[in-house]
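Here are some friendly notes to read with the model open beside you. Take the points in order and look up each part as it comes.

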Amino acid sequence: MDMDVTDLGNNTVKIALHGRLDTPGVDQIETRFSATIVPKGKHAIVDLSGVSFVASMGLRMFISVGRAVNGKDGKLVLLNPQSLVSEVFDNAALSQIIPVVFDEQEALKLVA
């Protein structure tokens with residue numbers, strides 16, 4: 001699992017994930033992912049276009065980081081999940097907790 005971070009200014013980062021968010025993938029990035037967003041209450045757009053699979057561990061990571069950053073007045077938005085990942089999100093009703101969008105401009109508006 002790879003993670004690339006881009007600072008967009010205005011307390012906002014874009015995080016591009018690549019690989020599989022299964023147990024080994026989450027273990028590789030969870031600490032860094034959380035540390036990038038939560039301590040300063042950053043707004044984060046997470047580009048999932050490079051993620052081919054999400055397991056329950058990946059859902060748990062997004063929910064726990066989303067709740068933590070919301071508690072610090074930050075926002076987490078998930079962007080461009082692949083169709084299989086989007087289906088997992090739909091089945092888990094994740095979009096009721098964390099916005100899931102398919103347009104970067106819409107993601108930017110949600111964190112503005």
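**Notes on the fold**

1. Of the 112 residues in the protein, 43% are buried (buried means under 20% relative accessible area, exposed over 50%, partly exposed in between, with a 1.4 Å probe and protein chains only). Please keep in mind that this is a predicted model, where local features need pLDDT of at least 70, side-chain atom pairs count only at pLDDT 80 or more, and totals for chains, interfaces and linings use all residues. Residues are numbered from 1 along each chain as its sequence is written, and side-chain values use heavy atoms, with hydrogens and water left out.

2. How does the overall size look? The C-alpha atoms fill a box of roughly 30 × 25 × 20 Å along the principal axes.

3. Now for the parts list: the protein has four helices and five strands, and along the sequence they follow the pattern β-β-α-β-α-β-α-β-α. Both kinds of element are DSSP runs numbered from the N terminus, with helices (H or I) of at least four residues and strands (E) of at least two.

4. In what order do the strands sit in the sheet? The five form an open sheet with the order β1-β2-β3-β4-β5 and mixed pairing (two strands pair if DSSP finds at least two bridges between them). β1 (2-9) and β5 (100-101) are at the edges with a single partner strand each, so one side of each is left without a neighbour in the sheet. As background, strands of a sheet pair through backbone hydrogen bonds, either parallel or antiparallel.

5. Have a look at both partners of β2. With β1, the pairing is antiparallel over seven bridges, and Thr6 has Lys14 of β2 as its bridge partner. These two strands form a hairpin with two residues between them, and Asn10 in the turn has a positive phi of about 50°. With β3 (residues 43-54), β2 (residues 12-21) pairs in the parallel sense over nine bridges; here Val13 has Ala44 as its bridge partner.

6. Helix α1 (residues 23-37) lies across β1, β2, β3 and β4 (76-79), and runs at about 175° to β2. Axes are lines fitted to C-alpha atoms, for helices over the stretch in contact, and angles run from 0 to 180 degrees between N-to-C directions.

7. The axes of α1 and α2 (residues 56-70) come within 10 Å and cross at roughly 10°. That makes α1 roughly parallel to α2 (angles under 35 degrees count as roughly parallel, over 145 as roughly antiparallel, 65 to 115 as roughly perpendicular and the rest as oblique). Residues of the contact include Ile29 and Phe33 of α1, and Met61 and Val65 of α2 (contact means heavy atoms within 4.5 Å).

8. Finally, compare two residues. Is Ser86 buried or exposed? Ser86, in helix α3 (residues 83-92), counts as buried because its relative accessibility is 14%. Ser86 touches Pro81 and Phe102, not counting residues up to four places away in sequence. Ala112, in the segment after α4 (104-111), counts as exposed at 77% relative accessibility.
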